[in-house]
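Please look over the structure below with its sequence at hand, and follow the paragraphs that come after it from one part to the next.

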Amino acid sequence: MTPKEPAESVDNSESSVAAASGGGSPAGRPLDGVRVVDITSTLMGPYCTLLLAQWGADVIKVEPPAGDVVRYIGDTRGNGMGPAFLNTNRGKRSVALDLKAPGAAPVLAALVDSADVLVHNLRPAAARRLGLTADSALERNPRLVHCAFRGFAAGGPDSDRPAYDDVIQAAGGVAALQGGDGGAEYVRQAAADKTVGVYGAAAVLAALHGRQATGRGRAVEVPMLETMASFTLLEQQGGRVFDPPTGPTGYARTSSPHRRPCRTKDGHLAVMIYTDAQWRAFFAAIGRPALADDPRFRTITERTEHIDTLYSMVNAELLQRTTAEWQAEFDARDIPATRVNTLDDLFTDPHLSATGFFERTEHPTEGQLLLGRPPVRMTEPAAAGETSAAPSDEGPLRPAPHLGEHTREVLAELGLPGTEAAALFDAGVAREPTAATAA
């Protein structure tokens, strides 16, 4: 196969990408016309590229012959379309390619040439073997935004070590902070993967904006440990912000053992009393307005020093009334409070229902799905003479793809002759769904 010319000559206009993707993204999304080649797996990278797809990018997901491992989490049908995969890989096209096979190299080079953004979570040695380091990729395509996720930043003793969410929760201080009192616990979701994925999406957008001014791409490194250390220390660094330190690490309010949803007469309620005005309102609500002038509670500095005393008081007071009574009281006094939802409660939450958070879509093979809509809404300003702004991100994303569902389609877009494509399929370098898998 002869790869295309470098990316300066590749037509990545909105019309060409829309045609290439079969009209995948509704017109008006901010990343229409941006092509993303996604060589990631599990949750961190795929969450990053899900966000880019939701904002209009044409995301080509390159998978190994066995597919992204997340395909098989909860895969009760045996076709690699488990619920986590269906949720995380909407809006993408799947190309199944054995990158270790010699015949894959020209296809991979053509994909890099065609891309505006390359996202991968390959370990450094694997990236070097495949020619996907930032230096190699940007030499081929100087306009490329090269985004590499890795466990640990380059230059340190751990830079080549493997990492997953749990490892980074531990290394980044999250597990110890969550456990408290010398213990360690993981946050009960893939908090590091998803947090780092959001950082990656933000970095890609910043790099694309910079390219508008310079015409050149850039290398973006998103290391999990450094990202989570930064995320965790933001409000937890305490006295160690100063050098030499003026006090210990930690934030007393979030570390208090009394910081938890409060029991009421008939259930639980989460209440967050924070500002001077909110504490005055709370003290009035419990019939003790004079506490607002107590030297321990007058300012946020003093309240933080005595947070255990305050939170113990709140817990004791909330036991005196029902959840509904306290909710009405706090609503009337503009104090943030809410019931405690379980995961199942989210599907009947009145606010989420009213805002249309969940949407029902029909998957070609998996039937009707109930999926959360993109949480960020974007609208274009109303034009002269119009009465309201027009939404620019409406319409469901294309459904999550079967493994290799778009391999043949993308090879054709890259200019690969039919005979060469057939040879790749025959050799097992490229794959597409079998009739049984897609049925």
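Helix α12, which spans residues 276-285, has as its buried residues Gln278, Trp279, Ala281, Phe282, Phe283 and Ala285. An α-helix has 3.6 residues a turn, so residues three or four places apart point the same way. In this predicted model, the cover over the buried residues of α12 includes α13 (300-305), α14 (307-318) and α15. After α12 comes Gly287, and the phi of Gly287 is positive, near 75 degrees.

Between β7 and β8, the latter covering residues 268-271, the antiparallel pairing runs over two bridges, and here Cys262 stands opposite Leu269 in β8.

Most residues other than glycine have a negative phi, and most peptide bonds are trans. Is Asp334 buried or exposed? With a relative accessible area of 64%, Asp334 is exposed, because exposed residues are those over 50%.

A second sheet takes the reader to other parts of the chain. Seven strands make up this open sheet, in the order β6-β5-β4-β1-β2-β3-β14, and their pairing is mixed. Its edge strands are β6 (218-223) and β14 (430-431), each of which pairs on one side only. Strands of a sheet pair through backbone hydrogen bonds, either parallel or antiparallel. Strand β1, residues 35-39, and strand β2, residues 58-63, run parallel and are joined by four bridges, with Val36 standing opposite Val59 in β2.

Two helices lie across strands of this sheet. Helix α4 (residues 105-114) lies across β1, β2, β3 (92-97) and β4 (117-120), and runs at about 140 degrees to β1. Helix α9, which takes in residues 191-214, lies across β4, β5 (145-150) and β6, and runs at about 160 degrees to β5.

From β1 the chain can be followed into a loop and then into α2. In the loop between β1 and α2 is Thr42, another residue other than glycine with a positive phi, in this case near 70 degrees. Helix α2 itself covers residues 44-54 and contains Gln54. At 6% relative accessibility, Gln54 counts as buried, because the term applies to residues under 20%. Which residues is Gln54 in contact with, leaving aside its neighbours within four places in sequence? They are Arg29, Arg90, Pro374 and Leu397.

Two further places deserve a look. Ala126 lies in helix α5, residues 124-129, and counts as buried at 18% relative accessibility; the C-alpha atoms of Ala126 and Lys100 are 9.7 Å apart in space, although the two residues are 26 apart in sequence. The other place is the loop between α10 (224-236) and α11 (252-255), where Pro244 is found. The peptide bond from Asp243 to Pro244 is cis, with omega near 5 degrees.

With these parts in mind, the chain may be viewed as a whole. The protein chain has 19 helices and 14 strands, and its C-alpha atoms fill a box of roughly 85 × 55 × 50 Å along the principal axes. Of its 439 residues, 45% count as buried, and among contacts between residues at least 6 apart in sequence, 68% join residues at least 24 apart. The accessible surface of the protein chain comes to about 22000 Å², and 55% of that surface belongs to carbon and sulfur atoms. As for charge, the chain carries 42 positive and 54 negative side chains, and the centres of these two sets lie 3 Å apart.

How values were computed:
Residues numbered from 1 in each chain as written. Predicted model: local features only at pLDDT ≥ 70, side-chain atom pairs only at ≥ 80, totals over all residues. Heavy atoms only, no water. Buried < 20%, exposed > 50% of the residue type's maximum accessible area, 1.4 Å probe, protein only. Contact = heavy atoms within 4.5 Å. Areas by Shrake-Rupley, 256 points an atom, 1.4 Å probe, with all protein chains shown as cover. Lys, Arg positive; Asp, Glu negative; His and termini not counted. Charge placed at Lys NZ, Arg CZ, Asp CG, Glu CD. Pairing = 2+ DSSP bridges. Axes fitted to C-alpha atoms, helices over the stretch in contact; angles between N-to-C directions.
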